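Subject: Handing over a structure, with notes on what was found

Dear colleague,

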Amino acid sequence: MGRKKQGQFESKGKEKRHKMKGKSMEQFAEEMQSALAASLQPREDGGAAPVKLPCPLAMWDLGHCDPKRCTGRKLVRKGLVRGLRLTQRFSGLILSPMGTKYVTPADRTIVAQNGLAVIDCSWAKLEETPFSKMVGSHPRLLPYLVAANPVNYGKPCKLSCVEAFAATFCIVGFQELAVLLLNKFKWGAGFLELNKVILARYAACRSEEELLSAEKEYTAVPQEEDHFDPFDVDSGRESCSLNRPQGPPEEEEDSSEEEDTDDDDDDDDGDVVEEDEEDDDVDKAEDGEDK
């Protein structure tokens with residue numbers, strides 16, 4: 001008497017979980033537009049207004065780089081990304097070298113409902129990075145893209161954490177969120193400009209096969225080299241996005257992510273993230289790396 005059947009609890013619990021995960025794409029789009037509008041609305045004190053993103057962003061920080069020069073940590077400080085414990089599981093899309101599939105537009109729903117995570121580690125310490133402890137249901141790799149961060153400007157696949165987040169958002173069709181994150185860095189808009197053509201091709205693909213074909217066609221054509229670097233990079237460090245394993249870094253280059261020590265919205269451009277590739281911010285890759 002008075003005891004509820006176990007099935008009643010399970011049914012109610014499943015119904016609640018279903019409702020939590022049932023956000024429609026229309027609702028997501030509305031929240032995305034609200035977040036973008038809030039990010040552009042200055043406060044009376046001159047600071048940035050708090051922004052609530054429509055999906056969770058997270059990062060595993062291996063502590064390989066200078067916390068003041070990491071793009072991922074800057075996003076954490078601004079409340080846009082949450083830190084994860086080493087063995088903590090993430091249910092959304094994860095940019096990681098452990099992935100066997102590439103990010104495609106088909107991952108749109110996964111990102112919208114469960115979010116996106118990156119791995120912030122150093123290229124120089126890939127061998128000792130415990131990627132197997134940073135797991136989830138949807139590990140991914142990022143396709144070919146060119147970095148715009150001050151440390152690795154113009155280099156392929158050397159993305160910072162914020163660039164890895166932004167690249168994924170562009171590919172799955174949420175470019176507004178990419179703009180929101182990149183606006184936190186003076187050099188951020190340059191990433192979208194450098195990769196405008198190829199990001200548009202990736203976003204139009206209907207399958208992973210199409211995406212890899214687009215990548216192959218794009219990289220087969222020699223790209224014009226930009227010999228003018230608009231940034232004064234004198235750190236001597238290199239950070240990358242672990243979007244896919246690429247072999248050990250050159251000895252003379254230490255892969256650490258660099259960012260501005262200033263914590264304002266127009267902080268420095270020194271942030272470099274690593275998704276799946278190497279250094280201070282691991283955030284790309286089929287999931288990746290960054291800083």
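Which residues does Gln88 touch, not counting residues up to four places away in sequence? Gln88 touches Trp60, Arg82 and Val135, where contact means heavy atoms within 4.5 Å. Gln88 lies in the loop between strand 2 (82-84) and strand 3 (90-95), and at 19% relative accessibility it counts as buried. Buried here means under 20% relative accessible area, exposed means over 50%, and partly exposed is in between, with a 1.4 Å probe and protein chains only.

Before going further, please note that this is a predicted model, in which local features need pLDDT of at least 70 and side-chain atom pairs count only at pLDDT 80 or more, while totals for chains, interfaces and linings use all residues. Residues are numbered from 1 along each chain as its sequence is written, and side-chain values use heavy atoms, with hydrogens and water left out.

The overall picture

The protein has nine helices and five strands, which are DSSP runs numbered from the N terminus (helices are H or I with at least four residues, strands are E with at least two). Read from the N terminus, the order of the elements is α-α-β-α-β-β-α-β-β-α-α-α-α-α. Of the 291 residues in the protein, 49% are buried. Among contacts with a separation of 6 or more, 74% are between residues 24 or more positions apart.

Helices and their packing

Helix 5 (residues 161-172) packs against helix 8 (residues 196-203) at an angle of about 50 degrees, and their axes are 7 Å apart. The axes are lines fitted to C-alpha atoms, for helices over the stretch in contact, and the angles run from 0 to 180 degrees between N-to-C directions. That angle makes helix 5 oblique to helix 8, since angles under 35 degrees count as roughly parallel, over 145 as roughly antiparallel, 65 to 115 as roughly perpendicular and the rest as oblique. Helix 5 contributes Ala167, Cys170 and Ile171 to the contact, and helix 8 contributes Leu199, Tyr202 and Ala203. By class, this contact has six nonpolar, no polar and no charged residues; Ala, Val, Leu, Ile, Met, Phe, Trp, Tyr, Cys and Pro count as nonpolar, Asp, Glu, Lys and Arg as charged, and the others, Gly among them, as polar.

In helix 6 (residues 175-182), the residues Leu177, Ala178, Leu180, Leu181 and Leu182 are buried, and what covers them includes helix 2 (25-39), strand 1, helix 3, helix 5 and helix 7 (188-194).

Tyr218, in helix 9 (residues 208-220), is buried at 11% relative accessibility. Leaving aside neighbours within four places in sequence, Tyr218 is in contact with Tyr144, Val197, Ile198, Arg201 and Gln223. Tyr218 and Tyr144 are 74 residues apart along the chain, while their C-alpha atoms are separated by 9.0 Å.

Salt bridges

How many salt bridges are there? The count comes to four, a salt bridge being a side-chain nitrogen of Lys or Arg within 4 Å of a carboxyl oxygen of Asp or Glu. One of them joins Asp61 and Arg73, whose closest N and O atoms are 2.4 Å apart. Asp61 lies in strand 1 (residues 57-61) and Arg73 in helix 3 (residues 71-77), so this pair ties together parts that are twelve residues apart in sequence. Asp61 is partly exposed, at 30% relative accessible area. Another joins Lys196 and Glu193, at 3.5 Å between the closest N and O atoms, and Glu193 is exposed at 52%. Arg206 and Glu210 also meet in a salt bridge, at 3.0 Å from N to O; Arg206 is exposed at 73%, whereas Glu210 is partly exposed at 29%.

Cysteines

The structure holds zero disulfides, a disulfide being a pair of cysteine sulfur atoms within 2.5 Å. The sulfur of Cys161 has its closest cysteine sulfur in Cys70, 5.0 Å away, which is too far for a bond. Cys161 is buried at 0% relative accessibility, and Cys170 is buried at 8%.

Most residues other than glycine have a negative phi. Cys157, however, has a positive phi, near 65 degrees. Cys157 is found in the loop between strand 5 (136-140) and helix 5, and it is buried, with a relative accessible area of 2%.
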